[in-house]
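Here is a short tour of one protein model, meant to be read with the coordinates open beside you. Take a moment to look it over before reading on.

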Amino acid sequence: MQTMSVAAARRTALAAQGFSDPRPAGEPTRRHLRKVLSRVRLIQLDSVNVAVRAHYAPLFARLGAYDPALVDDAAWAHSAKRPRMLVEYWAHEASLIPVEDWPLLHSGAKRPGWWRNYRPLVDASPGLVDDILAVVEELGPIGAGGIEREVAGSSKRMPGSWWERSEVKKVCEWLFGMGTLTTGTRRSFERLYDLTERVVPPEIHGRAVSKEEGARRLVENSATALGVATETDLRDYYRLGPEITRQAIGELVGDGVLEPVAVEGWRGTAYRHAAARTPRSVTGRALLCPFDPLIWERARTERLFGFRYRIEIYVPEPKREYGYYVYPFLLDGELVGRVDLKADRAAGVLRAQGAFSEPGTDRKRVAGELAAELRHMADWLELDGVVTGGRGDLAPALSQAL
């Protein structure tokens with residue numbers, strides 16, 4: 001079994017995630033989006049909108065400034081000439097996935113999510129399921145509130161026995177989890193449900209994939225996105241079960257798709273994708289949102305970069321160490337600092353409320369590179385500039401650099 005240094009594993013992981021590729025010289029296009037998706041395989045969704053919504057940030061980290069309509073059109077609009085590239089489903093968490101991966105996530109390889117708890121409500125209310133599907137078929141894409149009003153307004157049940165809105169929302173989420181409904185489009189980030197058969201092309205929607213094949217291909221997707229990874233890393237990318245993941249890894253090793261390796265300092269065996277590259281160096285810079293696939297698995301981030309990272313949104317403010325919504329800063333293949341960001345649209349500025357360097361880094365250089373990337377982000381978000389706060393050991397140097 002080959003042994004890899006942590007530095008080599010880190011460069012392999014960065015290359016797999018697209019960080020060894022230069023940013024486009026011109027304006028990024030659908031072709032660039034497709035290339036990023038071929039690497040990361042999915043983009044996580046999240047409702048927090050402190051700096052920029054989570055599904056836009058990983059593309060900015062890899063491509064630089066781009067038109068967010070590139071993602072919107074790929075996910076929530078389609079035509080005969082420009083078919084939909086992305087569809088929503090539970091992957092890592094709520095995510096945008098390539099349309100062609102839809103059958104894999106409905107193969108049975110992935111365990112049912114939290115929405116399975118609504119099954120008793122569905123079993124007790126078959127009429128509600130029928131009513132919801134009838135409304136969506138007639139009026140979709142439509143939000144849960146609109147569905148509730150239509151169901152209540154068309155119900156022939158006696159007054160006082162209308163379906164509760166919470167029940168409608170729960171059944172919508174159950175139908176989404178089952179794959180009967182998906183997101184037709186979004187309006188101010190509100191999910192508007194539509195019949196999946198009207199969103200996913202029939203040749204994909206009707207494709208049957210066995211549980212075992214689904215697991216193999218999802219684990220291979222994980223390995224493509226991670227480059228080199230432990231069994232736990234490969235399982236976490238799509239939140240698969242341990243037994244089916246181990247079976248898939250064994251088959252992929254047997255087929256020569258994965259090769260076992262030992263990474264210095266890592267417990268147990270790791271697996272490198274046979275097509276993974278290990279560049280001699282990785283250059284460039286990027287701001288990574290908390291839900292970027294490079295860092296969303298915190299234990300892996302610590303193993304690769306020696307960088308301890310936790311999201312502190314749910315930590316009471318007096319107990320926060322770094323801030324509410326902190327972006328790690330990637331520079332030349334290392335995580336060298338972090339910055340607590342907020343897009344203050346009322347004031348027209350990007351606020352770097354706190355800035356912190358990692359031990360042993362050149363603060364002056366880090367501050368200069370971070371200042372340049374923050375200006376780039378502010379321009380992308382159509383803000384007038386960057387304003388620094390006073391928190392953190394890097395704040396004075398960052399303020400000076402700006």
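## Cysteines, a pocket and one glutamate

Across the whole structure, the search turns up zero disulfides. Please keep in mind that this is a predicted model.

| Residue | Relative accessibility | Class |
|---|---|---|
| Cys-172 | 0% | buried |
| Cys-289 | 1% | buried |
| Glu-297 | 22% | partly exposed |

The cut-off for buried is under 20% relative accessible area, so Cys-289, with 1%, counts as buried.

Where does Glu-297 sit? Its place is the loop that runs between β10 (285-287) and α15 (298-305). The side chain of Glu-297 has a polar atom 3.0 Å from the backbone nitrogen of Arg-300. Beyond the neighbours within four places in sequence, Glu-297 makes contact with Asp-233, Asp-236 and Arg-303. Glu-138 is another story: 159 residues away along the chain, its C-alpha atom is 41 Å from that of Glu-297.

Now to the largest pocket, which holds about 330 Å³ of space. Its lining is made up of 19 residues, and those closest to the centre are Lys-110, Arg-111, Pro-112, Gly-113 and Trp-115. Two elements, β3 (86-90) and α9 (165-178), each give two or more residues to this lining.

Terms used:
Residues numbered from 1 in each chain as written. Predicted model: local features only at pLDDT ≥ 70, side-chain atom pairs only at ≥ 80, totals over all residues. Heavy atoms only, no water. Helix = DSSP H or I, 4+ residues; strand = E, 2+ residues; numbered from the N terminus. Buried < 20%, exposed > 50% of the residue type's maximum accessible area, 1.4 Å probe, protein only. Contact = heavy atoms within 4.5 Å. Polar contact = N/O pair within 3.5 Å; in protein donor to acceptor, adjacent residues only side chain to side chain. 1 Å grid on protein atoms, 1.4 Å probe; cavity = no way out; pocket = protein on both sides within 12 Å on 5 of 7 lines; lining within 4 Å. Points joined across faces, edges and corners; volume = space filled by probe spheres on them. Disulfide = S-S within 2.5 Å.
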